[in-house]
Amino acid sequence: MTVKTRFAPSPTGRLHVGNARTALVNWLYARAHGGVMQLRIDDTDRERSREDYVAGVLADLDWLGIPADESFRQTERADRHAAAFERLVACGRLYPCYETPEELSARRAAQLAAGRPPVYDRAALALSDADRAALEAEGHRPHWRFRLDDRETSWEDLVRGRIDVHAGSLSDPVLIRADGASTYTLATVVDDAETGVTHVIRGEDHITNTAAQIQLFHALGAAEPHFGHLAWLLDAGGAGLSKRVGSLAVAELREDGMEPLAVAAFLARLGTSDAIEPVAGLDELVASFDISRFGRAAARFDPADLVQLNARQIRRLDAEGVRAPLVGLGVPDELVAPFWDAVSGNIERIAEAGRWWQVVAGPVTPVIEVDETSQAVLAAARDTLPPEPWDETTWSAWTRGIQGLTGVKGRGLFRPLRLALTAAEHGPELKKLLPMIGAARAAARLSGQDA
Ligand SMILES: Nc1ncnc2c1ncn2[C@@H]1O[C@H](COP(=O)(O)OP(=O)(O)OP(=O)(O)O)[C@@H](O)[C@H]1O
């Protein structure tokens, strides 16, 4: 049977890194097993669902390089959810309930106060036909609960190993609300069962739903899929993530100049015992993927660590991989390769190359120190500036000559030259920058002129 995973976000906000990791793990699992990933847009909450968030989910998955192989919206299948409801009523697994939310919460409070678990007491099962008719005549509309079998329900979790839940400790889940709408539990099980989902990989917030969902699969005559529950992802301070707050959104990482492959490499290993390293491509993540390597403990997402990985990831890019953005920053086509060679080790984001291009092409306001040594070095440098053409050997030949003339070496020699030529104390190797800066600009900067 073909493996089919699914990622099912609600379009109620921008995807955060916790959602993205769930999507990525679904995609990796599918690819590693020759399968496909389904995207299900869980848009049943019509008030909070928004079209721009749907577009955002698609854009984020595309950007990460993990587009779904098939997709649909949950509201498109409302008739299938209704049909399943009819079947469950017909086979006697659903029963109508009339309690108001206030009554239910008062009952829960009383149970907790008495030290009992707040499990629904099935009071509605005791209603007679006459009771129900009377309630309906008073205008009460029923919500419908699924009667769980009071038995041990177990599954072999792909992440957490065997999990046993005694259904007697669970409330019978509501499948249809008083307004007639299907709940998440009904819609998700019907969709998974009818669209051939074989593996449900999601966040640990869903563990508590799984036992009831397994019973519902069986009641609908379907085999349950495999389940895997990933530990929570927290922010660097240990706080939870929420689409509503917009914390650590994927779109934000994109705007901040993070490379999609760095984000994927980071999310694929965070929470595992594997080292987080740059990768050649998503294929490398697929080849090394093993869902059982994810731990049970919540992992923290520290953006500073991602920036470090991003820096290492972009160092692996060759000039062709960055030609378009560098040309966009003003680097002439013929200088892309030497320029990238010079600066790729000195930046954390590709866009930061713009700053070094400015240093090459100017204008730069040179920093000229007035101490005697600096002045002597700069004077000798001006007097011995070699004729062009320049290459990577020019810098060492030139500075050896300056050293010979002045007797200054090391930091005393290099610092005034770097400050004059680049206006910065640190930066890419000057032997690589110098040929691009060129003689005219170098001569002007050594004399303290903007160039
Ligand atoms: N912090 C998190 N860490 C790991 N997975 C998460 C996290 N938050 C959500 N998920 C998972 O992301 C998937 C999409 O979930 P969903 O759209 O409900 O996101 P959500 O962030 O919980 O939404 P909301 O903030 O609107 O409640 C689910 O599998 C969910 O378990």
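## Around the ligand

Helix α1 gives the shell around the ligand its largest share, four residues. In this predicted model, local features need pLDDT of at least 70 and side-chain atom pairs count only at pLDDT 80 or more, while totals for chains, interfaces and linings use all residues. Residues are numbered from 1 along each chain as its sequence is written.

Both α1 (17–32) and β9 (199–203) supply at least two residues of this shell. Helices (H or I, at least four residues) and strands (E, at least two) are DSSP runs, numbered from the N terminus. In total, 20 residues surround the ligand; a residue is near a molecule if its C-beta atom, placed from the backbone, lies within 6 Å of it. The closest are P9, G18, R202, G203 and L233.

By class, you will find ten polar, five nonpolar and five charged residues in the shell. Here Ala, Val, Leu, Ile, Met, Phe, Trp, Tyr, Cys and Pro count as nonpolar, Asp, Glu, Lys and Arg as charged, and the others, Gly among them, as polar.

## An annotated stretch

An unreviewed UniProt entry annotates residues 9–19 as the short sequence motif "'HIGH' region"; such annotations may be inferred rather than shown by experiment. The span is 27% helix and 0% strand, and its end C-alpha atoms lie 7 Å apart.

## The domains

An automatic or database assignment sets the domain bounds: domain 1 (1–72 + 81–88 + 149–166 + 183–316), domain 2 (319–352) and domain 3 (372–446). Between domain 1 and domain 2, the C-alpha centres are 35 Å apart.

Six residues of domain 1 are in contact (C-beta atoms, placed from the backbone, within 7 Å) with seven residues of domain 2. On the domain 1 side, these residues are three nonpolar, two polar and one charged.

Notes. Two residues are in contact if their C-beta atoms, placed from the backbone, lie within 7 Å.
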